[in-house]
Amino acid sequence: MSVWNPSGTLLERVLKMNKVSEDAAKTILARVTTKAKKLKPRFVIYGREGVGKTSFPAFMSNPLFLMSQGETGLETLVANNQLGEIPHLPEFKSWSAFREAVKALIKEEHDYKTIVFDCLDGFETLLFNYIRDNQFSGSDQKFNHYRKGQIASMPHFKSFLNDLDRLRRERECTIVLLAHSRIATRTNPLGIDVTAYEMNVDKGVAPLVKGWADCMLFMNFLSNVNEDGKGTGGSQRVCYCNPSDSYDAKSRVKMPDCFSLGSTPEEGYNTFLAHYKKGKE
């Protein structure tokens with residue numbers, strides 16, 4: 001049995017690790033680079049109802065919205081003249097039709113620069129219904145038994161994320177996933193358990209999405225506190241960009257912990273854009 005020896009040239013080490021021919025190893029080494037292709041960002045935006053998740057990406061470059069069944073907030077905003085005429089497809093009522101549309105956006109020429117998926121929890125429902133009907137005889141009980149249905153759905157969801165990356169690379173599109181939020185209690189191995197906001201998606205889907213995203217934003221209303229120390233609600237909208245025990249957020253560029261979304265969707269987006277551009281410098 002050969003023993004790994006850290007000494008030797010890089011070529012020798014590649015040969016030992018991969019058991020390839022010398023010519024093949026030289027070809028591998030020829031591919032080493034210090035450069036990186038500039039790709040468009042992958043955003044996840046989630047938050048409470050009415051906080052402005054849908055209107056926010058409407059101000060991004062040349063957006064196209066794909067809507068899950070029942071998620072017609074964009075159409076309501078456009079119909080009430082709260083947004084301009086925003087390109088969108090009719091709401092999707094099946095996972096198969098939705099996946100065909102994503103693949104078409106990869107293959108076909110188009111001018112859209114931002115593809116918005118509204119919303120992630122709705123598309124997750126379409127996927128779960130598809131797996132239930134095709135692998136579990138349409139039975140919710142069989143689907144949910146020991147989470148067999150959710151587990152069976154994960155390869156399909158991973159394939160969906162892979163296609164989003166293809167769309168990003170091959171069509172140079174910014175990708176935006178919108179999601180609703182929920183409040184959940186989390187086990188904290190380093191201290192007391194915490195109650196936090198998180199995406200309203202399955203526990204198998206959430207880590208895949210968080211790992212995939214370049215920037216994960218949580219939008220909420222800033223609560224007012226009365227003299228008794230109790231929250232009384234509020235109308236000021238804020239966006240959180242960095243991790244906290246109270247919510248999920250992340251950014252691969254330098255961003256403030258939070259910023260105000262202002263009084264209009266356009267103002268909120270422009271504030272975000274200024275912070276994002278500065279963070280990339």
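Student: Is glutamate 198 buried or exposed?
Tutor: This is a predicted model, and the classification rests on a computed accessibility. A residue counts as buried under 20% relative accessible area. Glutamate 198 has a relative accessibility of 15%, and therefore it counts as buried.

Student: With which residue does the side chain of glutamate 198 meet in a salt bridge, and where do the two partners lie?
Tutor: The N to O distance in this salt bridge is 3.6 Å. The pair links distant parts of the chain, 12 residues apart, with glutamate 198 in strand 5 (residues 194-199) and its partner in strand 4. That partner is arginine 186.

Student: Why does glutamate 109 count as exposed?
Tutor: The class exposed applies over 50% relative accessible area. Glutamate 109 counts as exposed because its relative accessibility is 71%.

Student: How do arginine 132 and aspartate 140 pair, and what is the relative accessibility of each?
Tutor: Arginine 132 forms a salt bridge with aspartate 140, with the closest N and O atoms 3.2 Å apart. Arginine 132 counts as buried because its relative accessibility is 18%. Aspartate 140 counts as partly exposed, its relative accessibility being 43%.

Student: Where does aspartate 163 lie, and which residues is it in contact with beyond its neighbours within four places in sequence?
Tutor: Aspartate 163 lies in helix 7 (residues 148-170). With a relative accessible area of 5%, aspartate 163 is buried. Leaving aside neighbours within four places in sequence, its contacts are Arg99, Val102, Lys103 and Ile106.

Student: What separates the C-alpha atoms of asparagine 200 and aspartate 121?
Tutor: Asparagine 200 lies in the loop between strand 5 and helix 8 (205-212), and at 30% relative accessibility it counts as partly exposed. Not counting residues up to four places away in sequence, asparagine 200 touches Asp121, His180, Ser181 and Arg182. Asparagine 200 and aspartate 121 are 79 residues apart along the chain, and their C-alpha atoms are separated by 6.3 Å.

Student: Which residues form a positive surface patch?
Tutor: One member, lysine 38, is found in the loop between helix 2 (22-30) and strand 1 (42-47). Lysine 38 counts as exposed, at 82% relative accessibility. The patch is formed by Lys38, Lys40, Lys113, Lys277 and Lys280.

Student: For the protein overall, what share of the contacts with a separation of 6 or more is accounted for by residues 24 or more positions apart?
Tutor: The protein has 9 helices and 9 strands, and buried residues make up 42% of its 281 residues. The accessible surface comes to about 16100 Å², with 49% belonging to carbon and sulfur atoms. Of the contacts with a separation of 6 or more, residues 24 or more positions apart account for 59%.

Definitions and conventions: Residues numbered from 1 in each chain as written. Predicted model: local features only at pLDDT ≥ 70, side-chain atom pairs only at ≥ 80, totals over all residues. Heavy atoms only, no water. Patch = residues over 30% accessible without salt bridge, like charges linked within 9 Å, V, L, I, M, F, W, Y side chains within 5 Å. Areas by Shrake-Rupley, 256 points an atom, 1.4 Å probe, with all protein chains shown as cover. Salt bridge = Lys/Arg side-chain N within 4 Å of Asp/Glu carboxyl O. Lys, Arg positive; Asp, Glu negative; His and termini not counted. Charge placed at Lys NZ, Arg CZ, Asp CG, Glu CD. Helix = DSSP H or I, 4+ residues; strand = E, 2+ residues; numbered from the N terminus. Buried < 20%, exposed > 50% of the residue type's maximum accessible area, 1.4 Å probe, protein only. Contact = heavy atoms within 4.5 Å.
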